[in-house]
Amino acid sequence: MTDPRNPQLQGFLDAALGALERHAICDRARASLRRIAAASHRVEPHGRAPAARLPVCAHLDPLLASLADHPAVGPLAHAFRDVAPLLVWRTRADPDGTASRNFPTSHANAMFIGPGGIEPRSDIWIGVSLLAPHVRYPDHTHAPEETYLVLSDGEFRQGDGDWFSPGVGGSFYNPPGIWHTMRSGDTPLLALWALWNDGAGAA
Ligand SMILES: [Fe+2]
């Protein structure tokens with residue numbers, strides 16, 4: 001029998017899935033999030049990777065503190081702060097050279113639940129990207145569909161479309177296989193993402 005989920009992780013998942021569902025902008029995102037929420041009731045064993053931070057994570061605490069009283073995402077920010085000590089922050093590659101030159105030392109990703117996460121599993125991935133100011137993330141694509149919840153200023157792009165700024169609490173949906181990216185301006189960028197991997201393949 002699997003142990004109950006770590007309470008800080010469960011509290012974060014409850015807050016994150018609630019906020020994602022409230023802010024979703026289309027039926028496909030809402031359907032994806034319903035599948036993710038249903039699957040999340042099954043608890044997988046806690047991962048064994050030790051928590052790890054990177055220098056760019058110095059931006060995290062001030063960002064979360066700035067959201068503490070936000071009417072839409074304040075409770076989520078509190079839950080994020082509580083679970084943050086368990087996160088394993090990592091960098092990702094820029095295989096096509098589309099990222100800014102400062103990208104390798106100026107970003108970090110972490111997975112709450114999903115591959116390499118606090119709760120490693122393959123069916124649902126809920127994670128976060130953190131960018132220092134003036135960083136462009138690589139163009140990337142993956143088979144699982146994805147819903148974003150943005151927690152800061154910053155710009156996003158899908159395919160060859162225009163850059164757009166969802167703002168704090170803004171959300172958008174990436175269909176399977178769409179190219180997408182993000183970039184920060186004068187302030188750090190923080191964004192949650194939730195992917196439903198139905199087994200079609202993972203990036
Ligand atoms: Fe993505």
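Contact here means heavy atoms within 4.5 Å, and helices (H or I, at least four residues) and strands (E, at least two) are DSSP runs, numbered from the N terminus. By that criterion, Q8, L9, G11, F12, A15, A16 and A19 of helix α1 meet P75, L76, A79, F80, D82 and V83 of helix α4. This is a predicted model, in which local features need pLDDT of at least 70 and side-chain atom pairs count only at pLDDT 80 or more, while totals for chains, interfaces and linings use all residues. Residues are numbered from 1 along each chain as its sequence is written, and side-chain values use heavy atoms, with hydrogens and water left out. The briefing covers helix packing, the iron site, and selected residues.

- Two packed helices are described by the angle between their axes and the distance between the axes.
- Axes are lines fitted to C-alpha atoms, for helices over the stretch in contact, and angles run from 0 to 180 degrees between N-to-C directions.
- The axes of α1 and α4 cross at roughly 150 degrees and come within 8 Å.
- That angle makes α1 roughly antiparallel to α4 (under 35 degrees counts as roughly parallel, over 145 as roughly antiparallel, 65 to 115 as roughly perpendicular and the rest as oblique).
- The crossing of α1 and α4 is left-handed, a term used if the near helix is turned anticlockwise from the far one by less than a right angle, with clockwise giving right-handed.
- By class, the contact of α1 with α4 has 10 nonpolar, two polar and one charged residues (Ala, Val, Leu, Ile, Met, Phe, Trp, Tyr, Cys and Pro count as nonpolar, Asp, Glu, Lys and Arg as charged, and the others, Gly among them, as polar).

**Helix α1 against helix α2**

- Helix α1 (residues 7-23) packs with helix α2 (residues 27-40) at an angle of about 165 degrees, and their axes are 10 Å apart.
- The angle makes α1 roughly antiparallel to α2.
- The α1 and α2 crossing is left-handed.
- L17, L20 and E21 of α1 make this contact with L33, I36, A37 and S40 of α2.
- Five nonpolar, one polar and one charged residues make up the contact of α1 with α2.

**Burial in helices α4 and α3**

- In helix α4 (residues 74-83), the residues G74, L76, A77, A79, F80 and V83 are buried (buried means under 20% relative accessible area, exposed over 50%, and partly exposed in between, with a 1.4 Å probe and protein chains only).
- These buried residues of α4 pack against α1, α3 (60-66), β1 (107-113), β2 (124-131), β3 (145-150) and β7 (189-196).
- L63 lies in helix α3 and is buried, because its relative accessible area is 11%.
- Not counting residues up to four places away in sequence, L63 touches L130, S152, P188 and L190.
- L63 and L189 are 126 residues apart along the chain, and their C-alpha atoms are separated by 8.8 Å.

**The iron site**

- The iron ion is coordinated by H140 (NE2), H142 (NE2), E146 (OE), E146 (OE) and H180 (NE2), at 2.2 to 2.8 Å.
- Donors are N, O and S atoms within 2.8 Å of the metal (3.2 Å for Na, K and Ca); water is not among the atoms, so sites may look incomplete.
- The donor residues of the iron ion follow the sequence spacing H-x1-H-x3-E-x33-H.
- H140 counts as buried because its relative accessibility is 9%, and H142 counts as buried at 10%.

- H134 lies in the loop between β2 and β3, and its phi is near 60 degrees, a positive value in a residue other than glycine.
- Most residues other than glycine have a negative phi.
- P166 lies in the loop between β4 (155-158) and β5 (171-174) and is partly exposed, with a relative accessible area of 23%.
- Leaving aside neighbours within four places in sequence, P166 is in contact with V150, G154, F156, S171 and F172.
- R48, in the loop between α2 and α3, counts as exposed at 84% relative accessibility.
- R48 and R81 are 33 residues apart in sequence and 21 Å apart in space, C-alpha to C-alpha.
- H23, in helix α1, is in contact with A72, L149, G169 and S171, leaving aside its neighbours within four places in sequence.
- The C-alpha atoms of H23 and G169 are separated by 6.8 Å, although the two residues are 146 apart along the chain.
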